[in-house]
Amino acid sequence: MDKSTTLTTARKLPVAALMLTALMTAGPLPFALAAPIGGPRAAVPSGFSPVSVTYVSASDGWALGDVACRPGQCLRLLRTTNDGASWSSVPAPPAGPQGTDAAPLRVRFADPYDGWIFSTLPGQTRVQGWATHNGGQHWSAISFPVSHPASVGIEDIEAAAGMVDAAVQVGDQVQIFSSAVGSSAWHRVGGPFELGAGPVPRGELALQGRSGWFVQNDRVVVSGTRLEPSGTWGSWHPPCSSAGGPVLVAAPSAGRIDAVCTEGVWTGQKISVDLLRSRDGGASFGPSRHVPVASADLAAAIGTSTVAVGAQVN
């Protein structure tokens, strides 16, 4: 599953305001989604605050979030099979609630049965992640075959074409592990890659079929890698490496990658968000197109001709 599926449910759930701009091959089409928007919300608990959503089809998806309980907030996982017309509760793993100091949690599903919930807090002292292979009825802790008990944390997990890949911080490096979606037999397929010396490391995986790209940001672009036909991750130089800001990636098709660059953040220049498109798997990128947002926090492919760029607004 690629990141395009993570946007659909914004129309059905009471989420924090998110500004999205869709850039189509025919030209820019700006639009905004501000919650609450449209659609019935049957079985959504009162006060439910989603933090991550994932879809495996146009109608089948999950939403992870918090709901008030005793003594405070409790993690809740909801599922829809009718594009958000109704929601049912699914057991969640034993993770803590989301809060100001909590590790951000994400949910990903590859199909109706195989999914992952994981924390993305940098510099963790142990892996925070759980996997299910029966639609969320049971969860087990994720374990990666690392050689030493250094600081380990998950940066991103994405699944496509029957495989799941995870970008994992291991000490001061990043490694990529892979497994068949129906098992938890993780093995290393890429790295180690440079993590960066900044205080805010963030890794971005984009998969489409068995093509894939990974970018490591730490305030600015630090390193990148590309999934080779052999199933291992090889050398790749991401765009915007000298732009003074991070880059987000989205993969509309196996041969095309869109890069959203935030330029000038750490160079003292005027900040600009630009879209660059590659039609040869990331070997080269065409001319940039300006994106009318002040910053970019999310990039996701919608079909094969559109990329959505999201910016959090308070």
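Ile-271 is found in the loop that runs between strand S20 (256-263) and strand S21 (272-278), strands being DSSP runs of E with at least two residues, numbered from the N terminus. The model is a predicted one, in which local features need pLDDT of at least 70 and side-chain atom pairs count only at pLDDT 80 or more, while totals for chains, interfaces and linings use all residues. Residues are numbered from 1 along each chain as its sequence is written, and side-chain values use heavy atoms, with hydrogens and water left out.

Ile-271 is partly exposed, with 44% relative accessibility; buried means under 20% relative accessible area, exposed over 50%, and partly exposed in between (1.4 Å probe, protein chains only). Together with Val-265 and Trp-266, Ile-271 makes up a nonpolar surface patch of about 280 Å² of accessible area. Such a patch joins nonpolar side chains (Val, Leu, Ile, Met, Phe, Trp, Tyr) within 5 Å, from residues with over 30% relative accessible area and no salt bridge.

Turning to the whole chain, the secondary structure comes to zero helices and 24 strands. Of its 314 residues, 51% count as buried.

Gln-169 is buried, at 6% relative accessible area, and its side chain makes a polar contact of 3.1 Å with that of Glu-155. A polar contact here is a pair of N or O atoms within 3.5 Å, one able to donate a hydrogen and the other to accept it; residues adjacent in sequence count only if both atoms are side-chain atoms.

Seven salt bridges are present, each a side-chain nitrogen of Lys or Arg within 4 Å of a carboxyl oxygen of Asp or Glu. Asp-156 and Arg-106 meet in one of them, at 3.1 Å from N to O. This pair links distant parts of the chain, 50 residues apart, with Asp-156 in strand S11 and Arg-106 in strand S7 (residues 105-109). Asp-156 is buried at 0% relative accessible area, and Arg-106 counts as buried at 18%. Elsewhere, Arg-256, Asp-258 and Arg-277 are linked in a salt-bridge network.

Key:
Patch = residues over 30% accessible without salt bridge, like charges linked within 9 Å, V, L, I, M, F, W, Y side chains within 5 Å. Areas by Shrake-Rupley, 256 points an atom, 1.4 Å probe, with all protein chains shown as cover. Helix = DSSP H or I, 4+ residues; strand = E, 2+ residues; numbered from the N terminus.
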